[in-house]
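Thanks for coming. I have one structure to go through today, and I will keep it short. Please have a look at it first.

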Amino acid sequence: MEGGNFGWIELVLFYGGAIGFGVWQFVSMDRKLKKTRAEREAREAAEKDAPPPAA
């Protein structure tokens, strides 16, 4: 092995890590957005069902 394969191994590891990190960030943000959306909808539903304030 002359060393030509080490370049390919380095490229695969580097870009694999970068793509993996990007996918992880996407999934993480998707989870957080879904959680935030559900909390907001629950809060809005609770406000809608609450009786109006007495004047």
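I start with a term: a salt bridge is a side-chain nitrogen of Lys or Arg within 4 Å of a carboxyl oxygen of Asp or Glu. This is a predicted model, where local features need pLDDT of at least 70, side-chain atom pairs count only at pLDDT 80 or more, and totals for chains, interfaces and linings use all residues. Residues are numbered from 1 along each chain as its sequence is written, and side-chain values use heavy atoms, with hydrogens and water left out.

How many salt bridges does a search of the whole structure find? One. D30 pairs with K34, and their closest N and O atoms are 3.4 Å apart. Both residues sit in helix α1, residues 4-49, and four residues, about one turn of the helix, separate them. Helices here are DSSP runs of H or I with at least four residues, strands are runs of E with at least two, and both are numbered from the N terminus.

On exposure, buried means under 20% relative accessible area, exposed over 50%, and partly exposed in between, using a 1.4 Å probe and protein chains only. D30 counts as partly exposed because its relative accessibility is 33%. K34, at 52%, counts as exposed.

Now the overall shape. The protein chain has one helix and zero strands. Its radius of gyration is 24 Å, well over the 10 Å from the globule rule for 55 residues, so the chain is more spread out than a compact globule. That radius is taken over C-alpha atoms, and the rule is 2.2 Å times the number of residues to the power 0.38. The C-alpha trace spans about 85 × 15 × 5 Å along its principal axes.

What share of the 55 residues counts as buried? The figure is 0%.

Last, the surface. W8, L11, F14, Y15, I19, V23, F26 and V27 form a nonpolar patch. Patches take residues with over 30% relative accessible area and no salt bridge, joining like charges within 9 Å and nonpolar side chains (Val, Leu, Ile, Met, Phe, Trp, Tyr) within 5 Å. Together the eight named residues have about 920 Å² of accessible area, by the Shrake-Rupley method with a 1.4 Å probe, where for residues only the protein chains shown count as cover. W8 lies in helix α1 and is exposed because its relative accessibility is 60%.
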